[in-house]
Structure formats: C-alpha cells, structure tokens
Amino acid sequence: MLRQRLAAVVVDRYCASVARAQLTAELVVDGRVPQALALSPDGKWVAYVVAPVGRAGDHPVSELWVAAVDGTGSPRRLTSGEAYESAPRWAADSLLVYFLSDRAERGTAQVHRVGLVDGVVEAVTSWSSGVSGHLPLADPDLVVVIAADEPSAEDERRDRERDDARVWGERVRPDRLRLLDVRSREVRTPDAFGDRHVVEVAQRPDDGTLAVLTWSTPDVDPGLVEPGLHLLDPDSGVTRDLGPAAADASSLVWWSADDGLHLAYVAKTPPALVGGHAVLDVAVPVSGPVGEHRNLTAGTTGCPSNLVQVDTGPPLVLVADGLDTAIHRLDPAGPTLVEVSRVDGLATSLTTNRHGDAVAAVVSTSYEPGNVHAGPTCGPLTRLTDLRSTAAQETLGPAFMSYVLVPQEHDTRLLLKVVMQTTRWAALGLSVGDLIMARRRLLNLKQLAERHHQGTAKD
C-alpha cells in the first residue's frame, strides 16, 4: 500500500509539472534530430542530415548540413529542406558530398552531389526505379549505385491499370550492384550474385576490391534472409563467393593483419538468431576458402552497435557499455577490442576519417537530446550543434531517468540514475518512486522472458 501511494504521488507531481510547462504534441513531433553522419576523409568536416521527429505532409523532409570538426564557424545548410535527403557520403578528395534525394520525384530517391565550396547541387542519376544505396569509390569517376531493375513495360502497364496485387515470392525485384561513371553518366551492371539482394558494399583501401553483403531475398517477411559475403573487382567484373555470414550482418569493413586481409562485421551472436550483437571477423586469403568467422567480443559485457572502416589501420567499434558508450579499436595482435575513449550517455552513427584519428557521432544523455559531437578519437568530443533549445528541454519534465543491470555473484543489481532540479527531499521521494516503477517493468520483462523460454523448451 505504501509503495502504491508513493508511486501515485510521484505520478501526480510529474503530471502537474508537465502541465505547468505546457508540453504539447507540436513540441514533441516538430523537434529536429541529427542522423546519418559522415566525416570527410581529411577529417576536417562532418556532413549530417537534420530531420523533424514527425511528418507534416504526405512525404518526409530533411536537410543536409555540414560543420567544421574544429568548431570554427557555424554549421552550414547545404540543401533547402523541401525534399527528403539521406545517406551523405564524401568523395575521396573531401570536396564533394554525395547523397540521396527525392527532390525530382517525391518518394523516389536519386543520387545527388553538392560541392563543399560552391554549394551547387547536381543530380547524378535518373534511375526510374529509384536508388536505395550508394558509395563513391577511390576512383573519382566511379560511384557504386545499389538499385533494383528498372520497371518493364508490363510493370508500367500494371501500375497504370492499378493491377498491383502482390503475391509473396512473385515479381521479386532485388537490389543489384551497379557502377556509375560520373562523367558519362553510364551505368554498368556486373553479372554478379545472381538474384541475391545487395545490401551493403565496402571498398578495400589498397586495390579497390569491393566486399559485398547480400541477402537471399529482399522480402524480410519470412524473418530469415540468409546473408552472404562476396568479392567483386570493379574493373574486371570478376567475383568470388565467400560463403554465408551470421544473422543480421551489417557494418562490413576491411582491415589488415599479419596473416593477410580480413573482413569484420556486426551480427547476432552466433549461433542465435535473436539476442545481442557481436563483432565477427573472417580472414580472406588470396585464393581458396575463407577462414572461420571468429567472435571477437565473446565473453565481454558490452554490446557493439557498428564498425567503422579505417583506410590506414584497424577499424573502430562503437560499443554500448552500461549507461554510456565506448569507442574501441580492433587490436590485430589479439585480435581483440581495446577501448580508446568513452562517451557519457548514448552515442550513435559513429564515423571516422581516412586515418581514424578523428571521429564524429550523435551523442545524447538522460538530460540532453541528441546533437552532433566531434573531436579526436581519444577524446574528448565537442558538441557542434544545438538542435534543441534549453527551454524545450525543460518542458520535457522535472527528471531524467536511466538504469542499468549489473550482474552479481548470485543475483542481479538494479542501478538507477535520476537527474533533476529540485530539493533534496523531493529528489529522494521521486527516486524511490521511479525505482519501484522501473523494478516493476523489469520484473514484467523477466516473467515474459521465462515464459518464452519455457514455451521454446517444450517445442
């Protein structure tokens, strides 16, 4: 009874505070957030997308911005915000930013590029089915374009006549890897990977070979898409199949070790199809079968979220560790991960430059919304943007809560962190109330997990 009364008092105080602050739906959905960061190869600039949380019209909109990593000057907007811009990628000379935009036809993305100096935006593709991914290569005249086949005459007829009934497994159009010559605008599609769906591409720094991640189907409804790894020489078109990858593979990167070249990626911890992620690594010999996919994070408590390729050294890894985030570097001697720096709160969208000595990320804490931060890889990172004013933050309520589970010898300990501006006694009451509610949520999750485990065991 005492716990229920205390929780009721906490809820009443919270609601009264929010009412006084006049928290509105407009304040929530009209807030702007940064995403999709890309650090220039020379480490001087970071390009990023700014998008509203909500959507006012039929189509989403966003803006492409750029900011100096050293914090000099104000961030500069590169696009008007009248279309949906995404996926910024720098050219090798750090003077052009390639990105996707649906400004020509809403809902259909094409590759565009904008000059860092003149700010002129130029359309690079006009692929009728739209583009889902791209990667500027070391050759300044070549860009990888990931796109499905253009619609046939029959597809266009069905579209005109609204004969658009979809039958699972029929008329599947996987994304294919294509090579765009920027000067001539010629698009070449290598005869590679059959009908597998191309998801991600990473270029080997020394000789330009492309590592390609594919799925068995673009349709994720079955839940298992059977990832696979491949190599492609962009000049000759010669391909090589490296075999399957672990479930939910992503963040494909090249790196060099004493025994040769390796590919690393983030995936579900094998052999499970659900659960936490791990960093997996596989040696890629000049010929013959590839090595075993090794789990480089086995036995660690952190959860890796993404890998970032470094052209002149081992890759960086972003790892969620308790309530904070750590940046690790892969140590080839292990191979294992070595912590380089730590970021208070949550860091996402990690990106780095050619040499891996500068990084940028979106950083948020329990009391500060996400903003773009950048700086040396060893830290500290400096905030470059201020997308949410202090007044807007204060209207979100009197307290910010975060918690973490710490394994003990015979049980698990719940640590709760509450940040607020109030008196000591009020803070104590609010903390106890939040602890009760957080404990209740975790007990519910525990019961659901045990029930699921029991049902799986019976099957």
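Helices (H or I, at least four residues) and strands (E, at least two) are DSSP runs, numbered from the N terminus. With that in hand, welcome to this structure, which is a predicted model.

**The chain as a whole**

Let us begin with the overall make-up. The chain holds five helices and 30 strands. Of its 459 residues, 42% are buried. Its accessible surface comes to about 24,600 Å², and carbon and sulfur atoms account for 52% of that area. Among contacts with a separation of 6 or more, 39% are between residues 24 or more positions apart.

Leu224 sits in the loop between β14 (210-215) and β15 (228-232). This leucine counts as partly exposed because its relative accessibility is 46%, a value in between the limits of 20% for buried and 50% for exposed.

**Cysteines**

A disulfide is a covalent bond between the sulfur atoms of two cysteines. How many disulfides does a search of the whole structure find? The search finds zero. Two cysteines can still be described by their accessibility: Cys378 counts as exposed, because its value of 56% is over the 50% limit, whereas Cys303, at 32%, counts as partly exposed.

Here are the residues whose accessibility was discussed above:

| Residue | Relative accessibility | Class |
|---|---|---|
| Leu224 | 46% | partly exposed |
| Cys303 | 32% | partly exposed |
| Cys378 | 56% | exposed |

Methods:
Residues numbered from 1 in each chain as written. Predicted model: local features only at pLDDT ≥ 70, side-chain atom pairs only at ≥ 80, totals over all residues. Heavy atoms only, no water. Buried < 20%, exposed > 50% of the residue type's maximum accessible area, 1.4 Å probe, protein only. Contact = heavy atoms within 4.5 Å. Areas by Shrake-Rupley, 256 points an atom, 1.4 Å probe, with all protein chains shown as cover. Disulfide = S-S within 2.5 Å.
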